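Trainee: Could we go through this protein together? I would like to begin with one residue and then widen the view.

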Amino acid sequence: EGAEENILLSIPQAPHDFREHLLESPNPKIRASAVRSFGEEVSGNLAVLHLIVAKLKDPELHVRMAAVDVLGAAAPQKDASERQVAALIPSLSDSHIDIRRAGMARLSFEAARRNAKVVKAVALSLYDEDHGFRKLASDWLTIAIREALLHADESGFNLVLEMLENGTGVGQLAAAQVLGEIVG
């Protein structure tokens, strides 16, 4: 146990190639630690982004959660690319509810204004088997629409139009409610 803890503590200081190799370790704790070690590098580095996105498919829950955490920390940054923002989308359909909830929690409303794929993925979450997650998706969409309209820019209005025209019933209702609040 002590040796494993020392290894885990030393991973962030290890060279890039070695940390990349550790992403494939048979030990899930080492894989999760290796994922977290790339946290600072995921922003602006497409190769690292792909490495972390691949870990969203890891069989181990803790490794997938580490990937969601790293991607979520990068996504809300103003300079985050559309790829970084969209990288969290697969987490919304994970088999484990904790991963789905974590992915949703880390999607910023700024991301919704910049990337229609995010809104569509959240709208699909309205059909999730878990009632609590469906409610979370509905609340997220309502807030995203409000935020978009508050910014009063073209992307905000496009988001509302998209939800009214192509959204699910709940998404359309959320857009109509927000518009009603503003107009009324």
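Trainee: Is Glu41 buried, partly exposed or exposed?

Mentor: Glu41 is partly exposed, because its relative accessible area is 23%. Buried means under 20% relative accessible area, exposed means over 50%, and partly exposed lies in between, with a 1.4 Å probe and protein chains only. Please note that this is a predicted model, in which local features need pLDDT of at least 70 and side-chain atom pairs count only at pLDDT 80 or more, while totals for chains, interfaces and linings use all residues. Residues are numbered from 1 along each chain as its sequence is written, and side-chain values use heavy atoms, with hydrogens and water left out.

Trainee: Which side chain does Glu41 meet in a salt bridge?

Mentor: The partner of Glu41 is Arg19, at 2.6 Å from N to O. A salt bridge here is a side-chain nitrogen of Lys or Arg within 4 Å of a carboxyl oxygen of Asp or Glu. The pair links distant parts of the chain, 22 residues apart: Glu41 is in the loop between helix H3 (28-37) and helix H4 (46-54), and Arg19 is in helix H2 (residues 16-22). Helices are DSSP runs (H or I, at least four residues), as strands are (E, at least two), and they are numbered from the N terminus.

Trainee: And is Arg19 buried or exposed?

Mentor: Arg19 counts as buried, because its relative accessibility is 6%.

Trainee: How many salt bridges are there by this rule?

Mentor: The count comes to 10 salt bridges. One of them joins the side chains of Glu24 and Lys55, at 3.4 Å from N to O. Glu24 is in the loop between H2 and H3, and Lys55 is in the loop between H4 and helix H5 (61-74), 31 residues apart.

Trainee: Which residues are linked with those two in a network?

Mentor: Glu24, Arg31, Lys55 and Asp58 are linked in a network of salt bridges. Within it, Glu24 counts as exposed because its relative accessibility is 59%, whereas Lys55 is buried, with a relative accessible area of 7%.

Trainee: What about Asp69, which residue does its side chain meet?

Mentor: The side chains of Asp69 and Arg106 meet in a salt bridge of 2.6 Å, N to O. Asp69 lies in helix H5 and Arg106 in helix H7 (residues 97-106), so the pair ties together parts that are 37 residues apart in sequence.

Trainee: Changing topic, how many helices and strands does the chain have?

Mentor: The protein chain has 12 helices and zero strands. Of its 184 residues, 43% count as buried.

Trainee: Which residues have the most contacts inside the largest nonpolar core?

Mentor: They are Val35, Val42, Ile52, Leu71, Val122 and Trp140, in a core of 41 residues. A nonpolar core is a set of buried Ala, Val, Leu, Ile, Met, Phe, Trp, Tyr and Cys residues joined through side-chain atoms within 4.5 Å. H5 gives the largest share of this core, eight residues. In soluble globular proteins, nonpolar side chains tend to be buried together.

Trainee: What is Leu71 in contact with, leaving aside its neighbours within four places in sequence?

Mentor: Leu71 is then in contact with Val42, Leu49, Ile52, Val53, Leu56, Ala87 and Leu88. Contact means heavy atoms within 4.5 Å.

Trainee: Finally, where is Leu126 found?

Mentor: Leu126 is in the loop between helix H9 (116-124) and helix H10 (131-151). It is buried, with a relative accessible area of 9%.
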